[in-house]
Amino acid sequence: MEQTIKKLENIFKIVKKEKGKRENLNILEVEKDSLHAVLSYLRDNESFKHLALVSCVDWIEDNKFQLSYILWSYQRRVNLIIKIFIDRDKPEFKTIMNLFPQAEVYEREIKELYGVNFEGNPTQDEEFVLEDWDQIPPMRRDFDTLKYSNEMFGDRDSEVKKTNIRKIISDYTDEWRRK
Amino acid sequence: MKEFKREDREVKLFVGPQHPGVTGNMSFEITLEGDTLTSVKTHVGYLHRAFEKLMERRLYIQNFPLVCRICVPESDTNEENYARALEELAGIEVPERAKWIRTLVLELSRLQMFIRWMGGIAGTMGLSTAPQWAIGDRDYILDLFEELTGGRIYHIYILPGGVRRDIPEGFEERVLKVMDYIEKKLPDYDDLIFENSVFKKRLIGLSKLDPAWVEEIGVTGPVARACGFPFDVRKEQPYEIYDKLDFDIITETGCDMYSMALVRRREIDLSINLIRQIIDKMPKGEVWTPLPNVLYWKIPAGETYVKTEATRGEFGYYVVTDGSDKPRRIHVRGVSTPHAYTLLERLVPGMNISDFSVTIVGLQTCPPEIER
Amino acid sequence: MKDNKYFLDDRPEKISYSEVWQKFFNWARAKSLWVVAYGTGCGSIEIPPMVTSRFDAERFGVSNVGTPRQADVLIISGYLAVKTLKRVIRVYEQMQSPKYVVGLGACTVNGGMYYDSYNTVNLVDQYVPIDVFVAGCMPRPEAILAGFAQLMKKIKEGRADGWKQYLDNLDKYRKNQEKVIKNWKIPNYNW
């Protein structure tokens, strides 16, 4: 695996190398312009043919979205996570559908839940899991799901609510945590 | 004379979510020409509970009741995956015996899922005797789970650092007894389902895949193994104690629905074999490494991707932590996502409408893991 | 939607019978409850064990049927996502009166563990009238059968009148439904 990373370093610029906690897991951060080239190089020359997942992480403190592409090589039995960072204010990136067809669905999901626009994906604007959603994309960190749920769906107006059982439980757990 | 265009001959039909032929709560928009399908569009989201959002709001240990509900019929895979991800990030060692018990639970869970599937596919084709048998036989395994963990479906038995408690006295004998019973029943299932001429006639050649798609789309599990690809996470990247067990990867070469069914049928034999091996070799010892106070448990920053062989294929958890007491991001790789979208879209053109629901059950799509 | 001729927009009428007939009907209705096969949530995993050989709900007259037109009971098996809620309302309104609804699981009572989720409704009985709640997550087949026994008792006593209340308070229910379902594209009443 070290040889592959060295080869990659010779061709592309690798921003950051991390060793995973496991033996066969490596995490590489690359520049976002070179991602397509890195993925197609890994797929064609280094047998990383299986794209397991495309994921997105919201780093609201740094005002960035992290896109992770998890690859697996059947021959070498190695997991590789390629990650890039994109600007949170202008969440745009290009699709990788031409390299891995199944990325279409994952990108559609990220578009809906995080609002990242994937240029070139024909189905990304269709509704995936939500219907008639009019708030900010729900998986962003600044979306308060409890507040929305209370406003939208309410709670039962009963004795249980008057005693506010949830507050009692949370007070109790806080007390326990302080010990 | 009026000329008919192709669009005029096509009928759009909505299958589901309230439809007896659809597994779970999902819907399909199919286009028909006569009784031949021309295209399909999958719609999910009817079971979206926003697990990933809720998990970011809760402590690590509070997420265990949530994760087991991600794929309802096979909850242990989720628990094991999540627990293993946390162990890896926090650097917790699991005692040897706990690993063996975990594997036993995973195999029992796999076995009950395959038996349930066997009834499901036969029921979809109109063999209504098979679900009565299969779901009745599956209940013997659920009873074992109830004895071991206290719950029939949701167990919350596997926790970081081991398992919740040791297996009760005499449990091994009862497991073996159930295995003997199921093994005795399997020839009946073969006669009823897999040797049935109607079953064979309908499934042989149905939804034939091109083996090249397997690597291209990311197909895993029995669907990939039915095309001759020996992809099995239990061998590829042995987790828990699968490297100490003696087994071979099951493959078929037919690339069609009948080969997938045969792979799953042979997986039942394999599971029974593995459960016998586990009970035979299980060591004595501790089952639990004490954790720090779980309500105040912080995991150092990092990220990992762990995976398990679920009954449907590679089931993965991508966990990102940031050093606080709550996870930053948990993304679940639902196995069925490539199956229900990209693969189904390629399989469907030219298929007869009566084979459509058989295909969905045969691919073993599980909607809650697609949308979570 | 008004000028769409495919839908009948009128609301259903109520027909009242004399008390003797009413009692006879209630007795007969309690003996055969057909459940529409719609697994709306994870509670549907315990429905197959309930209707197959081990727990055998058919001895109580409870059996599965594929279409809402022939069904008497709708089981809301767990949490309802907003997207499912719309379909559940359609299925419920398509069922012929008298019709009964059973809510399975803690999440139909008050949201359960999904109380803070943005996509699941917390109080299902605000949108669809529910006759019997079965608590638990998830309820065992025995618990579901006990719920059905309770429902039969209620029907025999003439207290299972959720469908009547739904017609009486249709405006109130519609207001609640339209608050959650933002794009209301279905007719006034789904026949």
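Which residues touch the most other members of the largest nonpolar core? L71(A), I82(A), M118(B) and L74(C), in a core of 199 residues. This is a predicted model: local features need pLDDT of at least 70, side-chain atom pairs count only at pLDDT 80 or more, and totals for chains, interfaces and linings use all residues. Residues are numbered from 1 along each chain as its sequence is written, while chains are lettered from A and ligands numbered from 1 in the order written.

A nonpolar core joins buried Ala, Val, Leu, Ile, Met, Phe, Trp, Tyr and Cys through C-beta atoms within 7 Å. Buried means 20 or more other C-beta atoms within 10 Å of the residue's own, with C-beta atoms placed from the backbone.

Who gives the most to this core? Helix 5 of chain B, residues 96-124, with 15 residues. Helices here are DSSP runs of H or I, at least four residues, numbered from the N terminus.

Stay with that helix. Its axis comes within 9 Å of the axis of helix 12 of chain B, residues 257-281, and the two cross at roughly 150°. Axes are lines fitted to C-alpha atoms over the stretch in contact, with angles from 0 to 180 degrees between N-to-C directions. That makes helix 5 of chain B roughly antiparallel to helix 12 of chain B; the cut-off is over 145 degrees. On the helix 5 side, the contact includes W100(B), F114(B) and W117(B). Helix 12 of chain B brings, among others, R264(B) and I275(B). Contact means C-beta atoms, placed from the backbone, within 7 Å.

Last, chains A and C. 14 residues of chain A are in contact with 14 of chain C.

Methods
A residue is buried if 20 or more other C-beta atoms lie within 10 Å of its own, exposed if 12 or fewer, and partly exposed in between; C-beta atoms are placed from the backbone. Two residues are in contact if their C-beta atoms, placed from the backbone, lie within 7 Å. Angles under 35 degrees count as roughly parallel, over 145 as roughly antiparallel, 65 to 115 as roughly perpendicular and the rest as oblique.
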